[in-house]
Amino acid sequence: MKALRTLSSGALIALLALVACSSNGPQKPASSSTSANPSEPSVPPPAATLRLISQSEYANSIAGVFGADITVKIRFAPVNRVDGLLSVGRSSAVLTSGALDPLDASARSIAAQAVDPAHRRFLIPCVPAKIDARDDKCARTFLAKVGRLIYRRPLTSDELTRAVETAGAAVGPSGDFYAGLRYTLSAMLISPEFLFVREMAEPDPGRPGAWRLDGYSKASRLSFLLWDSGPDDELLNAAGRGELHDPRGLKRQVDRMIGSPLYKQGVRAFFADFLVLESFDTLTKDPVIYPAFTLKAVDEAREQILSTVVDHLVDRDGDYRDLFTTRHTFLSSDLAVLYRIPVDIGSQGSVPYEFQEGDPRAGILTQIGFLAQYAHPGRSSSTRRGRGIREVLLCQKVPDPPPNVDFSIIEDPKAHFHTARERLAAHQQNPVCAGCHARTDPIGLGLENFDGAGQYRTRENGAVIDASGKLDGNTFSDGVGLGRAVRESPALKSCIVDRLYAYSVGRKVGPDETALLEYYESVLEQRGFRFEEMLRLMIFDRSFFAIAAPETLAASNNASMEESHHAHQD
Amino acid sequence: MLIKTENLTRRHVLRGILNGAAVTVSLPILEMFMNDNGTAMAATGEALPARFGTWFWGLGVNHDIFTPKTVGPNYDLPLQMQSLEKVKQHLNVFTNYNVLTDGRPNLCHYTGWVALRCGSAPSGRGQLPGQSLDVAIADAVGSGTRFRSICLTATGAPRDSYSFLSADAVNPPDISAVEFYQKMFGSEFQDPNSPDFKPDPGVMMRRSVLSGVSEQRKQIEATVGAADKVRLDQYYTSIRELENRLELQLKKPPPAPSCKAPPRAPAELPVGVDVELVSLRHRAMTDLLVMALACNQSKVFNMVYSDSASSLTRKGLDKTHHIVTHEEVVDPVKGYQIEASRFVGDSFKELAYFLEKLAGVPEGDGSLLDHCLIYAHSDCQLAKTHSIDGIPMFTAGRLNGAIKTGLHVDGKGEPGTRLGYTLQRLMGLPITSWGQGSMQTSREITEIIA
Amino acid sequence: MPRRILYSKYGYLQAGGISMFGKRIRRHHYMRALLIASSLILLGAVIAVEADEAASKSGETIGLVLTDWRYALYQTPGAGECSLGLQKGAVEQFKAQDDPLGHFKKFGGTFETRGPNGEDPNFSPMLVTDPLPFSELKTNVGFGFNLDGTSDGRATSNTLAHDKFVSPEGERVDNQLARVVGCVQGWRKTGFMAEFYAKEVETSPINRHLIEITGVHDEQNEPNVEVFIYKGRDRLVRNASGSFIAFMSHRIDERFPQFMLKTHGKIVDGVLLTDPIPFARLPLVQIQMTGERDIRDLRLRLKLTPTGADGLLGGYELLDSWWNNHSKSPGSDPGLYSPAGIYRALYRYGDGYPDPATGKPTAISVAYQVSAVRALIVHPTHQAPGVVVAQADQKE
């Protein structure tokens, strides 16, 4: 690095930019579609994680425990997005005071609702002998039942005894049995056993020396993946009986969970994370330039993406790649204004809609949501759209622009650029810019028939728009063609496999696991990339629940001279 | 510089190494510092505890119309600082202080503010190589009030916060004035001037219940790895802070003569970063913040006016402030970008409002602002080139007379961490240096020390 | 391309000419029913597509939804166009009566009980006399249409003699209702009734007026268009700057065939002009009272813009409907008028369709100033609920 210091900073930056853009990152071999029986590689088991619960997992779990009419009003502190997913960031997230405060307020609010007169009749399975005295028997019955659902495992006898004692002691000062339950519940809901998903390992009897997630940890992993919620009673029962360790027992539960209406909730949660839909919370457009882009339209645009995804991947059991070419979608009243399509529906809800052959729109890249998300407040952005496609959908990093870019060409008031294509031509002419912008602009220019709010147009500033472009050698002439090119991109497949896997295990995917992901990709190459197929392939894989020996045990084993339990590295 | 008794740390921070990972564990309040009034000072009759705040605006300034031509006191107020005229007496302005990256890339709209907040340039986007100085200061002076620190963002965007322990522990900001009102002055607010005070038995119950949560700590931590244990430690620290807060609520709060809780929440504002809307949100939040400080709800506060890549917009403009800084032509006559500098002007109008509001609350022999030390800065100097040399910085407030005001200090190319170091020392942190690599410094800016 | 479903001449609407699910599905097998249902839907879609293509050959459609509706009045800030300034309100008239205090002691109330035996002037206007005179509109500038076809307002077979106004374009127009309400503060811009009603136009689905112009090839000049008026049911939305959002979907409220109207028209230099509709009924809620407008020879003149339209709607409004709409709502106190004076003025100025027996007018010429934004008019798709057969009853 010392040698590089002698270069001027400008040259250094230019050099770094070129170097950065010319490398594509670690190269993955293109999946071979000719290999008939790819053999599954074995990978070293990963360490257990301690993952912070997400806002939707929290709300859904509460609904599962206490019923959907319990009001949960909370906004979680933002979590670092790691490797494209908040789910991965949660495995290293920290609860600062500022982040814990709203959780405390929420815990107390939920506890108060659960024991109020309206809810106690059906949530609490017993009635105390006296309403103003402690009743340990009733408290024990209730707290054992609800604590198991909250902690996602049975309470230990120690925990239960302590909880009953707290509930009883709290009756005195308040003179109310239910207040005692309320305080205890609020403690449970602020406990790390609820707020963090803690993976527990146990020795795997089927593979001596190896470890597996215990039954309750398996239940949590399955439930958060498939339902975006904590395990229900039946899943916990299956875990308790050891059925999740048995392939048939596991399949029974997975079939049940995928067949449940809550499965759609799980699918939505994955795509909300993967497609970075959090940006819709703060998405606004200039009201003068795009007056129809109301807050309700923003909500509806976000919902359109998720409805399309769920309809395609769940109801139609479609191939993931076809999300970028499907003409089936849903429209709502305010969103339809931006599409200029009439809808026979009032202000709430949505109607199914199918774009016709020849329509300029097909696939989610031509939906208002995507187009507006990756654009400026008052105009479109080919660079942002191209970058969004690269980074989110193809898992390809696009480097940041260098600090001192020369915008003088665009700034020239005599330039009279009509279209974005003309403005961005400058990116291609300047060698400092061309390296990175060649990776983004030719893609995004395919979407130029859609303005910054996603509305269709054929002209910009009077000039006819040319929406031709290319994606890694595949050329197209409009947004529909771009969707087809994305559909055919090899990176699309490896990216969804990578992301779905990382999401399902809730942590960063290590370099040792690359071979496993390539294996999954090659299997799916033959079977097709239907979402349920992808999930089952991963869940039923022998490595899904494998876990490394616990750190503390490994440390003590390393320290001891015994050899009988040392962990294998398969 | 003497460490004044009022700034003795009530919370000592253990730093250690565990399996190669730095560990921070906070010890609870040392009861010996607490007296009936809840302040270390009341026994000695000295002034109210000092407060520390930060104020951030994105996308810097335009040097030619920002940098005063003279240094020292009575500096000429340049064009871009005109809206700060009324608060000039409270300010110090610092120019020509640099951020040095030691070869790490200058990450646009990132490296600058990261370095000025935690003392070190990051090596990659998303990386935060240390905790921000307001966190260190809150550790030292933040206990004893209901909230350890307050974070606000006028943009209303949940990720706009520059107060952090690490990349995984960014202090979340309040994004709505209405929610902030509920938090400060809602049902759990205890009016310090209320004649009758009765400890709420519910609060006592909550406290004892929370201590039950902490009881399971050992069992749980025994089952997780070293890195996760550190995260759980932070969780338990947060629980302990919650308990301490409840403990405070059981004691009669010290009187606060200027405290007058607003009777109702402000009007709800829609989502959006239009510059007029941001101004409304900023002012609504500032009004509440000032009263929260007057009511001793916290001693540390952070306000973000615009995010580091300023996504602020103006009606009818198709691009954000950020894009304007890159695409707008430099006016040949004026020599700067007119539209971009309008946004800077708006930022300083808001800073002026912020400071005037603080200065408008009488406290002791002066104003609330006189007992504050505020650190205001941006992410770069000239947004067009993302220059991190000469990032503009201000201090505001007199910190009980510990700091001089009304000065223009020329940094002569020194690292900008000199200011952050000075401020932490003024707030009583027992540190002897701050920052890493070329940003490491042990030299205070003596010109401003009284 | 908006989907279009064909409709019958009489304004009733059916889906694509096929009555779906009209017949009970004979074979009860679920899958077969599903197959039939889907093929019908496809067929309907095909017909809709064909209708689309047919429509494009015969031109595009312009849809509008009214966003504002008020009297088209010539008014100046000082009300110099009114002989005695603005009308005196009902309370002031009461105070000018003989012995108002005695009247009050006997009957209670003030403006509500002005009749000799405490009658409400709204219901018994002829029993009440106004001590203070009615302020007359003395300008000859006005807005409206030349409804009677004359240049001087002489009597015709359908109209009574009256004075015309001269419009800013120099046309001689009929707007006798302006003489009745033009000096009433409440009906002028910023007045109580004008703005209250404007809000009701914005918010009430009863006041949702849709206009559909078909056969448009050139929005500037089109010699022959068809114009339909419907009652809608969907909401108007304002954007962040306060203007109404254009191109929202507006469903036709098919429950009210009586409010479905049709006429011919033309577009000349961007202005739509329609042929008169002999008798038009329009839904109304005005100052919280539900009623109905009845207008004979209703016509429109609307200047079209890319996102909306502005202009006039006029004709001969039936006097009894008009009086019914206005007399029941609490307007006279804040609106500053006397019902007794208004009623008399109504019949004094009425110029339309005199009753052959009595010679009295049954209608009065009127012009309303209306604004609109573009809308996507949605014709409902009819799907009568099918007959559901229980699982156990299904036979193959």
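Contact here means heavy atoms within 4.5 Å of each other. By that rule, the contact between two of the chains takes 68 residues from chain B and 68 residues from chain A. The model is predicted: local features need pLDDT of at least 70, side-chain atom pairs count only at pLDDT 80 or more, and totals for chains, interfaces and linings use all residues. Residues are numbered from 1 along each chain as its sequence is written, chains are lettered from A and ligands numbered from 1 in the order in which they are written, and side-chain values use heavy atoms, without hydrogens and water.

**Chain B against chain A**

- An interface is often sized by the accessible area lost when the parts come together.
- Chain B and chain A bury about 5500 Å² between them. Buried area is the accessible area (1.4 Å probe) that two parts lose on being put together, summed over both.
- Carbon and sulfur atoms hold 57% of that buried area.
- B:R159, B:D168 and B:R231 supply 14% of the area that chain B buries against chain A, more than any other three residues.

**Chain A as a whole**

- Chain A has 26 helices and 11 strands. These are DSSP runs, numbered from the N terminus: helices are H or I with at least four residues, strands are E with at least two.
- Of its 570 residues, 56% count as buried. Buried means under 20% relative accessible area, exposed over 50%, and partly exposed in between (1.4 Å probe, protein chains only).
- The accessible surface of chain A comes to about 23300 Å², and 54% of it belongs to carbon and sulfur atoms. Such areas come from the Shrake-Rupley method with a 1.4 Å probe; for residues, only the protein chains shown count as cover.
- Among contacts in chain A with a separation of 6 or more, 69% join residues 24 or more positions apart.
- The domain assignment gives domain 1 (4–262) and domain 2 (280–488) of chain A. Such bounds come from an automatic or database assignment.
- The centres of these two domains, taken over C-alpha atoms, are 36 Å apart.

**Helix 14 of chain A**

- Helix 14 covers residues 262–274, 13 residues in total.
- From first C-alpha to last, helix 14 reaches 19 Å, close to the 18 Å expected at 1.5 Å a residue. The expected span is 1.5 Å times one less than the number of residues.
- Its buried residues include A:Y263, A:V267, A:F270, A:F271 and A:F274.
- A:V276 follows helix 14, with a positive phi near 55°.

**A sheet in chain A**

- Three strands of chain A form an open sheet in the order 3-4-11, with antiparallel pairing. Two strands pair if DSSP finds at least two bridges between them.
- Strand 3 (201–203) and strand 11 (546–547) are the edge strands, and each pairs on one side only.
- Strand 4 (residues 211–213) and strand 11 of chain A pair over 2 bridges.
- A:R212 stands opposite A:A546 in strand 11.

**Strand 1 of chain C**

- In strand 1 (residues 60–71) of chain C, 10 of the 12 residues are buried, so the strand is largely enclosed by the rest of the structure.
- Strand 1 pairs with strand 4 (residues 209–216) of chain C in the antiparallel sense over 6 bridges. C:E60 has C:V216 as its bridge partner there.
- Strand 1 also pairs with strand 13 (residues 361–378) of chain C, antiparallel, over 7 bridges. C:Y71 stands opposite C:Y368 in strand 13.

**B:A284**

- B:A284 lies in helix 8 (residues 275–294) of chain B.
- B:A284 counts as buried because its relative accessibility is 18%.
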